[in-house]
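Please keep the view open and follow each point in turn.

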Amino acid sequence: MTLLVIIIILAFIFDYINGFHDAANSIATIVSTKVLTPFQAVLWAAVFNFAAFFIAKYVVGEFKVANSVANSVFEQFITLKVILCGLVAAISWNLFTWWLGIPSSSSHTLIGGFIGAAVTASGSLDVINYHKVLPTVYFIVLAPLIGMVVAFIITLIIVNVCRKANPYRAESWFKRLQLASSAALSLGHGSNDAQKVMGIISAAMVAAGHIPNIKAMPDWIPLACFTCIALGTMSGGWKIVKTMGTRITKVTPLEGVAAETSGAVTLFLTEHLGIPASTTHVITGAIMGVGATKRLSAVRWGVTVSLLWAWVLTIPISGLLAAITYFIVSLFI
C-alpha cells in the first residue's frame, strides 16, 4: 500500500512537471506575438487544460490515450516496482531537458521509462505491447509532419483570403482569433497529456489489485490529473518558451493562429486514434510550417535538427535511466 501511495504522488509530480515543461507548447506563440503577457498566457492555458477534462469525460466519453499508455507493456509484466522506476526516469529526463531549454516529449519519456523498467525486470523484450507502442513511435515523425503540413496549408489559405484586407485591422482580428486558437491548443494539450498519467496510476492500481482493469478507473484519478497539469502550466516553462516562440522562426498573430489551429487539429486527431502523441512535436512542426510559407530560410533549421535529436533519443535514454533506477531500487525493495 505504501509503494502504491508513493507511485501516485510521483505520478502527480510528473503531471505537474509535464505542465510547466510543456507550457511553452500552449503559450509560446501567443506570448511572442504579444497578444497576452506571460502571466495571462499561462493562466489562459491552464484554464483550458483543466476544461479538457469535461470534454474528454462528457463529450468524448472515454480516455483512449490513457488506455494506450497503460497497455504499452503487457499487464502480466506490470509491477509496482516497474511503474516506480519508470516514473523516476521520466521525471529525471523531463527536469534535465527543461533545465537545458529543450522541448522534449513528456509522452515519450514516460513510455520509454515504463518500457525500460519492464524490460529490465523481465530480461526480455517480449514485455512490450508493440501494437500499442509502434503507433507512438511512428508519430515521432508523423506528428510534426502533420502539424507542419496543416499549418502550411492554413497559412496559405488565410494569406490569400485576407490579401486585400487592411493590415492594421487584420492584425487586430488575428490577435483576437489567437485567443481562440490557443485555447483550442490548450484543450488538446490538456486532454492528451493528462491522460498519460491517468494510465500510469490506473496500471499501478490494477497491479496492486485495487481495480480489475483500467476501465474501472475511479473518477478522482482523471480529475486530479487534469488539475495537476493545469497547475503545472500556470508555473510556466520560460526557457522552453524562448526556444518555441522565437528561436525556430519569428511568428506574427496570423501565423500564430495558423500554428495553434494546426496543433489543435493534430492533437484532437491523435486523441481520437488513442495515440499518445507529443504536443511538443506537433506545435514545433506547426511553427516550422508557418515559417516555411515565407521562405525556407525563415526557419532556423539548425535549431530544429537539435530538437529532432532530443526527440529521437528521449525514449531510449528514458528506458536506460529506468533500467539503472530499477537496479538501484532492487537493492532496497
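Predicted model: local features only at pLDDT ≥ 70, side-chain atom pairs only at ≥ 80, totals over all residues.

1. Leaving aside its neighbours within four places in sequence, E271 is in contact with A56, K64, V65, S191, N192 and Q195. One of these partners, Q195, also takes part in a polar contact, in which the side chain of E271 and the side chain of Q195 come to 3.3 Å.

2. As for its place in the chain, E271 belongs to helix 10, which covers residues 253–273. Is E271 buried or exposed? Its relative accessible area is 9%, and because buried means under 20%, E271 is counted as buried.

3. Next comes the packing of helices. Two packed helices are described by the angle between their axes and the distance between the axes. Helix 4 (residues 80–100) packs with helix 5 (residues 106–122) at an angle of about 140°, and their axes are 8 Å apart. That angle makes helix 4 oblique to helix 5, since only angles over 145 degrees count as roughly antiparallel. Helix 4 passes helix 5 in a right-handed crossing.

4. The contact of helix 4 with helix 5 can also be read residue by residue. On the side of helix 4 it involves V82, I83, C85, G86, L87, A89, A90, W93 and N94, which meet S106, T109, L110, G113, F114, A117, A118 and A121 in helix 5. Sorted by class, the residues of this contact are 12 nonpolar and 5 polar, with no charged residue.

5. Helix 4 has a further packing partner in helix 7 (residues 167–207), where the angle is about 160° and the axes lie 9 Å apart.

6. The last point returns to N94, a residue of helix 4. N94 has a relative accessibility of 0% and therefore counts as buried. Leaving aside its neighbours within four places in sequence, N94 is in contact with F14, I17, N18, H21, S104, S106 and T109. Among these partners, S106 and T109 also belong to the residues of helix 5 that meet helix 4.

Notes:
Residues numbered from 1 in each chain as written. Heavy atoms only, no water. Helix = DSSP H or I, 4+ residues; strand = E, 2+ residues; numbered from the N terminus. Buried < 20%, exposed > 50% of the residue type's maximum accessible area, 1.4 Å probe, protein only. Polar contact = N/O pair within 3.5 Å; in protein donor to acceptor, adjacent residues only side chain to side chain. Contact = heavy atoms within 4.5 Å. Axes fitted to C-alpha atoms, helices over the stretch in contact; angles between N-to-C directions. Parallel < 35°, antiparallel > 145°, perpendicular 65-115°, else oblique. Left-handed = near helix turned anticlockwise from the far one by under 90°. Nonpolar A, V, L, I, M, F, W, Y, C, P; charged D, E, K, R; others polar.
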